Amino acid sequence: ESPQLLAGLYHPDDGYVVPGDLAIALSAASCARGATTHHDTYVHGLSRRASGEWQVQTSKGEMTCDHVVLATGNSVRQTGKMPGLRIPAVQVFCQRWFTASVPAIAARKAADMPELPILRDEGFHGHIRHEGDGLMFVPDQLWADPSQEDFDPAAPEWQAATTLVPILGQGRSRVGIRHTLQMAADKMPLCGPIAGLENIWL
């Protein structure tokens, strides 16, 4: 409950994905349909054969394939250079803060209730979501220097968020983590076929 929240738009299909879990699920589903997964295999080069197929040079030898999907996250600029692409993305750093246990959230979890929807609000320029027995606060701000945790620039957003969602402040302690993202200048996803390069996908 929030006395400051007058109205909201609920999106039943909204959510989030843990990339590692998604990769494992996709790998398992692919293998169940006859695919082979090569773990601890590094790609060193990529070239087009006269037949139109792609030759992939890896640490375990060469592999020939019809399609190549560049799904390499923070390494996408490096892997993109292999077929001659210049990927318009830059590396930025995101910070997230996790609260300690929040009684209302812990009670929901103990009652086996579903997670709360993700709350996004332009008033505090970020989002809040259920995380364990507490909440996670992610400001939209991006940092260029990951060397140390820096909460001060996001303090106004935190204050606005706790005003809108009072239970966020009940968690008291904040634990921060930093991680890298590859992001296009307009923050839109880069995915789909590559013009001029047949059967290369992002």
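Tutor: First, a convention: helices (H or I, at least four residues) and strands (E, at least two) are DSSP runs, numbered from the N terminus. This is a predicted model, where local features need pLDDT of at least 70, side-chain atom pairs count only at pLDDT 80 or more, and totals for chains, interfaces and linings use all residues. Residues are numbered from 1 along each chain as its sequence is written, and side-chain values use heavy atoms, with hydrogens and water left out.

Student: Fine. Where is Thr 58?

Tutor: Thr 58 sits in strand 2, residues 54–58.

Student: Is Thr 58 buried or exposed?

Tutor: Buried, at 10% relative accessibility. The cut-offs: buried is under 20% relative accessible area, exposed is over 50%, and partly exposed is in between, with a 1.4 Å probe and protein chains only.

Student: What does the side chain of Thr 58 reach?

Tutor: The backbone oxygen of Gly 61, at 2.6 Å. The Thr 58 side chain also reaches the backbone nitrogen of Lys 60, at 3.0 Å. Polar contacts here are N or O pairs within 3.5 Å; within protein, one atom must be able to donate a hydrogen and the other to accept it, and residues adjacent in sequence count only if both atoms are side-chain atoms.

Student: And which residues is Thr 58 in contact with, leaving aside neighbours within four places in sequence?

Tutor: Thr 41, Tyr 42, Val 43, His 44 and Met 63. Contact means heavy atoms within 4.5 Å.

Student: New topic. How many disulfides does a search of the whole structure find?

Tutor: 0. A disulfide needs two cysteine sulfur atoms within 2.5 Å. For Cys 65, the nearest cysteine sulfur is that of Cys 31, 16 Å away. Cys 65 is partly exposed, at 22% relative accessible area.

Student: On to helix 4. Which residues there are buried?

Tutor: In helix 4, residues 155–164, they are Glu 157, Trp 158, Ala 161, Thr 162 and Leu 164. They lie on the same side of helix 4, because they cover an arc of only 160° around the axis. That arc is taken from the directions from the helix axis to the C-beta atoms.

Student: What about the largest nonpolar core? Which residues have the most contacts inside it?

Tutor: Phe 124, Ile 128, Phe 137, Ala 161 and Leu 168, in a core of 14 residues. Helix 4 gives the largest share, 3 residues. A nonpolar core is a set of buried Ala, Val, Leu, Ile, Met, Phe, Trp, Tyr and Cys residues joined through side-chain atoms within 4.5 Å. Another core lies apart from it, with 12 residues, among them Val 56 and Leu 85.

Student: How many aromatic pairs are there in the whole structure?

Tutor: 2. Rings of Phe, Tyr and Trp (its six-membered ring) pair if their centres lie within 6.5 Å; planes under 30 degrees apart are stacked, over 60 edge-to-face, the rest tilted. Phe 124 and Phe 137 have ring centres 6.3 Å apart and planes at 55°, so that pair is tilted. Phe 124 is in the loop between strand 6 (119–121) and strand 7 (126–131), and Phe 137 is in strand 8, 13 residues apart.

Student: And the other pair, Phe 137 and Trp 158: what are the distance and angle?

Tutor: The centres are 5.4 Å apart and the planes are at 70°, so the pair is edge-to-face. Phe 137 in strand 8 and Trp 158 in helix 4 are 21 residues apart. Both Phe 137 and Trp 158 are buried. Ring pairs link Phe 124, Phe 137 and Trp 158 into a cluster.
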